[in-house]
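Work through the exercises below with the model open. Try each task before you read its solution.

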Amino acid sequence: MTRTTWTLLAVLAAAAAGPADAQEPIRIGVLNDQSSVYADFQGRGSVLAAQMAVEDYGGKAAGRGVEVISADHQNKPDIGSAIARKWIDQDGVDLIVDLPNSAIALAVSEIARQKNKVMIGSGAGTSELTGSKCSPNTVHWTYDTWAYGHSLAKAIVQRGGKNWFFITADYAFGHDLERQATDELLKDGGKVIGGVRAPLGTPDFSSFLLSAQASGAQVVALAVAGGDTTTALKQAAEFKLPAKQSLVSLIFTLNNVPALGLKASQGVLTVNPFYWDMNEATRAWSRRFRQRAHNGAMPNDMQAGVYSAVLHFLKAADKLGGADDGGAVVAAMKAMPTDDPLFGRGRIREDGRKLHPMYLLQVKSPEESRGEWDYYKVISTIPAEQAFRPMSEGNCPLVAGK
C-alpha cells in the first residue's frame, strides 16, 4: 500500500471519527452513599431522580445525548475523591451531583474547580460550600446547615426550649450544624449546657443519651442525620427521654418516619424545602417517582433536589451549546431564574446558594394521618431570603465586598 493510500485512509478515518467524537454524551455522575447510613435518604433514589430529570427534559441537551452514572462513596473522602477524579479524567463526566457527607462534598467541590467541571450539592449539608469554601464551579441546591440550624433553633426557643444539650455527628457536617443552631440559640436568649460527639454510623447511642439525660437540659438536640437519626430516636424512646426532655432532630426527613412509626414520631418538628404532598405538581411527580423507586418510597427533599438541579443544569448546557466549560455552565445557571414543578420559582445567588422557601413541618399523629406517606403538616413558611444565610455573612471570596 502506497504512502498516498495510507494518508487518504487516515484522513477518511479522522473524518469518520470527528462526528462521533462531537456527539459524546453529556455525562452526569450521581455520587452518594448507597450502602450505609444515608443509603435510604439519597442512594438509588437520587439516581432515579436524575434519570427522571433527563427523561423529562427529552434525553438530550445542546444536541447531545445525556447519560447518568452513579457510584457509592462509602462515606469515605478518599474514595469519593478518587471516584470524582476518575469520572472527570477518564469517563467524561461533566456534572457531579448529590454528595451527602460534607467532608466528601468539600473535597469534590475543589476537584470540580481544579478540573473546571460542575458540582451541585443536594444531599450535602455544610454551609461552607457557599461560605469560605465557595467555588465558581459549585452550586448548593436543596438545604444547608445554616438554614436548618437557625430555622429550627428559632422555632424551638419560641416554644420555650432554651437550655440545650447536643449529640453531634463527629465530622464536618455535624460540627457545622451544631455551630449554626448554637448561633441562633444564643442570639435568641438560650444557652448550651453540654454536648457529646458521636462517630458516623454509631450503632449504640446509650452513653450519649445517658449524658444528655443527666444534664437536665430542656432540649436534647440531635445534630446527626440519616440512619443515625433513626437509631438515636429509637434508643431515646427506650430511655424514656421524651417524657422529661424535648428531643429535637435538626435533620429529620420523610424516610425517618416509617422506620420509627408515626406513634414514636408524632409531634417532631423539622424544616424542609420540599414535601411530596404540597400541591398537585409535587404529588404528580412524586407518584411517578414512587412507582419506579426500588423501595416503593415517596421522594424526600434531597432526591427532589437532584431532579430540580439536573433540570436547571441541562437548561444551562442548552443555552451554552455544551457542558465542557464548568465555570461557564454555573455562570449560566446563576443568570437564569430557576423554575421547576417541585421547588417552583427561585434563583441562584452569586455565592452559589440556590434560594427557595423553607417550611416548618410537624409530624402528624396516627389519628391525623390519612394513609401511607401522609406524615407532615405545614406549620409555617419561611421566605427564601430569610431561610438562608445572608450572602454578606458567608465570607465567600467570590462576592467579597457585596
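**Exercise 1. Find the bridge partner of Asp 340 in S13, then trace the strands around S13.**

Step 1. Asp 340 has Gly 344 of S13 as its bridge partner. This is a predicted model, where local features need pLDDT of at least 70, side-chain atom pairs count only at pLDDT 80 or more, and totals for chains, interfaces and linings use all residues. Residues are numbered from 1 along each chain as its sequence is written, and side-chain values use heavy atoms, with hydrogens and water left out.

Step 2. Strand S12 (residues 338-340) and strand S13 (residues 344-348) run antiparallel, joined by 3 bridges. Strands pair if DSSP finds at least two bridges between them. Strands (E, at least two residues) and helices (H or I, at least four) are DSSP runs, numbered from the N terminus.

Step 3. S12 and S13 form a hairpin, with 3 residues between them.

Step 4. S13 is also joined to strand S14 (residues 354-355), by 2 bridges and again antiparallel. Here Ile 348 has Lys 354 of S14 as its bridge partner.

Step 5. The hairpin of S13 and S14 has 5 residues between the strands, and Gly 352 takes a positive phi near 95°.

**Exercise 2. Decide which residues of H13 are buried and where they fall around the axis.**

Step 1. In helix H13 (residues 326-335), Gly 326, Val 329, Val 330, Ala 332 and Met 333 are buried. Buried means under 20% relative accessible area (1.4 Å probe, protein chains only).

Step 2. Look down the axis of H13: the buried residues fall within an arc of 160°, so they line one face of the helix. The arc is that of the directions from the helix axis to the C-beta atoms.

Step 3. Those buried residues pack against strand S5 (118-121), strand S6 (138-140), helix H12 (301-320) and S13.

Step 4. Check the N-terminal end of H13. Asp 325 caps it, with a side-chain oxygen 3.3 Å from the backbone nitrogen of Gly 327.

**Exercise 3. Describe how H2 and H12 pack.**

Step 1. Two packed helices are described by the angle between their axes and the distance between the axes.

Step 2. Helix H2 (residues 43-57) packs with H12 at about 35°, and their axes lie 8 Å apart. Axes are lines fitted to C-alpha atoms, for helices over the stretch in contact, and angles run from 0 to 180 degrees between N-to-C directions.

Step 3. Contact means heavy atoms within 4.5 Å. Residues making the contact include Ala 49, Ala 53 and Tyr 57 of H2, and Val 306, Val 310 and Leu 314 of H12.

Notes: Buried means under 20% relative accessible area, exposed over 50%, partly exposed in between (1.4 Å probe, protein chains only). A polar contact is a pair of N or O atoms within 3.5 Å; within protein, one must be able to donate a hydrogen and the other to accept it, and residues adjacent in sequence count only if both atoms are side-chain atoms.
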